[in-house]
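Subject: Structure handover

Hello,

Here is the structure I promised to pass on. Please open it next to these notes.

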Amino acid sequence: MRTPEQLIQGMNGLTALVVGDVMVDAYLWGRVDRISPEAPVPVVRVTDRSARLGGAANVALNVHALGATPIVLSSVGADDESARLQHLFKQAGLATNGLVSSPLRHTTVKTRIISGHQHIVRVDDEMDSDLSATDADALIARAEALFASHKPDVVILEDYDKGVLTERTISALIALAKRNDVPVAVDPKKRNFFAYKGVELFKPNLKELREGLKLEIRSGDIDQVKASVIQLEKVLGNGISLITLSEHGVYAHKGTEEHALDAHTREIADVSGAGDTVIAVAALCLAQRSGLRELAALSNLAGGLVCEHVGVMPIAPDELLAEAKRLGSAL
């Protein structure tokens, strides 16, 4: 059994291969002074612009913040937005050697227009079709090269249903990890929910579990969650199931061991990005072969902590450690 301090310190020096859909989260900030004469819509006068990394890249930011080295593997467009994405990678101190450019793809950009504290509209410029055979081959080949050069301690498959993770790329990546004896942690989405067979850790939220199994699972009903997880594991054959339950905490299951951990009382400011933080912490605990309860407790704590901050931001390890020490045995 390892203490939270040992687990957090043990994240330093680890390498995580983060595979999935990366994107630019762009923001236009402004004010509304009038309604357009062309249509009954507000006119936003832009006063500021900003952009940050989103999707699987946000998981990498969390991994990086925790002291580990993330290597991001994804397929992006050969377009102007790809250049902006790579600039954001370099600004954040992330390597770009896992970004595979394709003339067949668009780089995903989600632009949010905000006036004051009011989110007016979001504009998504993206494509979510599966990678072509050529692009899938290129992604798999780059994965093999990154395994050889970086020797990752854990693989994180972060699925946003934008086409990078397909049945073909998923099976190839899992097989590659198994050949190298590297554990795989998955944050799934609906499209390929049952493609992640035989992974070490599978982390859906309650909504994804409901949609994947096509079951009604009452929020807070741990008996229903447990029954659903057993059904899930019969299909996937995964080692650990970690189900995030929002205000009801997390449920973790492995073999005959299970833990239902309540959420800690928080002043919730923004839940955006909490799932990315949970999978980052869980995967880095998995890489250290931590116990199930320690993995679930630290992930649950981290996911709650980031919700106290406005906006998507990575977990601060000092804050995580301080909170773990404060809670002590209550963790």
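Helix 8 (residues 274-287) and helix 9 (residues 292-306) have axes that come within 8 Å and cross at roughly 155°. That makes the two helices roughly antiparallel, a label for angles over 145 degrees. Their crossing is right-handed, meaning that the near helix is turned clockwise from the far one by less than a right angle. Axes are lines fitted to C-alpha atoms, for helices over the stretch in contact, and angles run from 0 to 180 degrees between N-to-C directions. Helix 8 makes the contact through residues including Val278, Val281 and Leu286, and helix 9 through residues including Leu295, Leu298 and Val306. Contact means heavy atoms within 4.5 Å. The residues of this contact divide into 10 nonpolar, three polar and no charged. Ala, Val, Leu, Ile, Met, Phe, Trp, Tyr, Cys and Pro count as nonpolar, Asp, Glu, Lys and Arg as charged, and the others, Gly among them, as polar.

A note on sources. This is a predicted model, where local features need pLDDT of at least 70, side-chain atom pairs count only at pLDDT 80 or more, and totals for chains, interfaces and linings use all residues. Residues are numbered from 1 along each chain as its sequence is written, and side-chain values use heavy atoms, with hydrogens and water left out.

Two strands pair if DSSP finds at least two bridges between them. Strand 8 (residues 154-158) and strand 9 run parallel, joined by four bridges. Leucine 157 stands opposite valine 186 in strand 9. In strand 9 (residues 184-187), Val184 and Val186 point one way, Ala185 and Asp187 the other, and all are buried. Buried means under 20% relative accessible area (1.4 Å probe, protein chains only).

Last, strand 6 (residues 108-115). Eight of its eight residues are buried. Strand 6 pairs in parallel with strand 2 (residues 22-35) over eight bridges. Seven bridges join strand 6 to strand 7 (residues 118-125), and these two run antiparallel. They form a hairpin with two residues between them, and glycine 116 in the turn has a positive phi of about 60°.

Best wishes

Technical notes: Parallel < 35°, antiparallel > 145°, perpendicular 65-115°, else oblique. Buried < 20%, exposed > 50% of the residue type's maximum accessible area, 1.4 Å probe, protein only.
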